[in-house]
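Have a look at the model first, then read on.

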Amino acid sequence: MLVHICCAVDSHYFLQKLRDRFPDEKLTGYFYDPNIHPYSEYRLRLLDVQRSCRMLGIDLVEGEYDYEGWLEAVRGLENEPEKGARCDFCFDNRLESTAQKAQELGERRITTTLLTSPKKSIEQLNEAGRMMQRKYGVEFVTVDFRQKGGTQEQFAMAKEEKLYHQDYCGCLYALRMQRDQQQRLADELFSPISAQIQPESIEDRIALYERRMQLEEEGVKYRIIREKFLNYRLLRGFVKRSGEVIPSWILPYSTLKRKFTKFRIVEKVEDLYYANREDIVIITLDYYNQLLDKNYKKIEDIVKAPPTFEEEMQARSKIIYNFMSLTPVIVLENIDENAPHQLSLEAHIYEDVREHLATLG
Ligand code: SF4
């Protein structure tokens, strides 16, 4: 049987129940989810499914990530609610690909782990499954493992096995609607201009889950610890000097009261230049290099090969006395103490939770 897989939290439980129900059937997983946005989230979910299938001894096939095709097909359905017409297409699309893959692999039966997802309509999934059965001649197997405490058992198992528990269905539109309702920043949709990994970004989680797999391979015991913290995202920022945009780099946790200010450099104390507005601190690229033990020749080099977020926070703590400070700290290639400057800076500070690994023993 070819089992379409949406995520590890659903598949880990579903596959074990399915194996109990069909003990003579060889199960193969099929991860086909072009609906998942952004791509890093797709990779994170796939990574966790790979781990789960390895634990269960189930072969896994990865389908194509045809995200553009998926987006094109749901054009006009962007504002549909969950369980609406966009989800109809989304189920049809994923089950159609599963049926085609089953034909290719010579499998006679298909099913989907979406059937165990508490927020999905089983009737809507059965409808899609029956349609593929008629169209491709593969049997659609429908099961309901949610009943009699199944969902609670599933979540307990996910917790026990430290599976990645995503908090949105998958697509861009559901994510946006959910974050709007929660009045939360959809930080999953941000990518920094440099490749610097932002705290509690999807890339940050991928690094954590990859490290976890490494620890498991080495047989090292670990715990995943969750900590509340104040997160930061720079949404936009640039400096103008005498009306022209100049190369600049903004350190994390830099904020402005408003999104824009004019300033002049009025004082220099050792390596720090102070502006007459908003307590802005300017440092040269040379001093930045010195603080971080780097050798950037131009600001552009930072964008291409940025230091880690943690390195920058350490550098910031050497510049600003108060470690909870939100003072803007800007790096410029050169300083002109006579010219008028303008700073545009839009940043978001918000409560968040970050996971980290603690090894035991
Ligand atoms: S809400 Fe979920 S099922 Fe519906 S279209 Fe988006 S990803 Fe697909």
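Let's start with two tyrosines: Y164 and Y209 are both buried. Keep in mind that this is a predicted model, so everything here is computed from its coordinates.

What kind of pair do the rings of Y164 and Y209 make? Their planes stand at 70°, with the centres 5.8 Å apart, so this one is edge-to-face. Y164 sits in the loop between α6 and α7 (172–182), while Y209 belongs to helix α8 (residues 202–217), so the pair ties together parts of the chain 45 residues apart in sequence.

That's one of 11 aromatic pairs in the structure. Another is Y39 with Y65, a tilted pair. Here, too, distant parts of the chain are linked: Y39 is in helix α2 and Y65 is in the loop between β3 (59–62) and α3 (67–73), 26 residues away.

| Pair | Centre to centre | Angle between planes | Geometry |
|---|---|---|---|
| Y39 and Y65 | 5.1 Å | 50° | tilted |
| Y164 and Y209 | 5.8 Å | 70° | edge-to-face |

The largest nonpolar core holds 45 residues, and L15, L18 and V143 touch the most other members. Elements giving at least two residues each include β1 (2–5), α1 (8–21), β2 (28–31) and α2 (39–56), along with α4 (85–105), α5 (122–136) and α6 (150–160). Helix α1 makes the largest contribution, with six residues. Looking past its neighbours within four places in sequence, V143 contacts F14, L18, R21, F22 and L115. A separate core of 18 residues has W249, A315, I319 and I320 among its members.

Zooming out, the chain has 11 helices and 14 strands, and its C-alpha trace spans about 80 × 55 × 35 Å along the principal axes. Of its 361 residues, 51% count as buried. Among contacts with a separation of 6 or more, 75% involve residues 24 or more positions apart.

Definitions and conventions
Residues numbered from 1 in each chain as written. Predicted model: local features only at pLDDT ≥ 70, side-chain atom pairs only at ≥ 80, totals over all residues. Heavy atoms only, no water. Helix = DSSP H or I, 4+ residues; strand = E, 2+ residues; numbered from the N terminus. Buried < 20%, exposed > 50% of the residue type's maximum accessible area, 1.4 Å probe, protein only. Contact = heavy atoms within 4.5 Å. Core = buried A, V, L, I, M, F, W, Y, C linked by side-chain atoms within 4.5 Å. Phe/Tyr/Trp six-rings, centres within 6.5 Å; stacked < 30°, edge-to-face > 60°.
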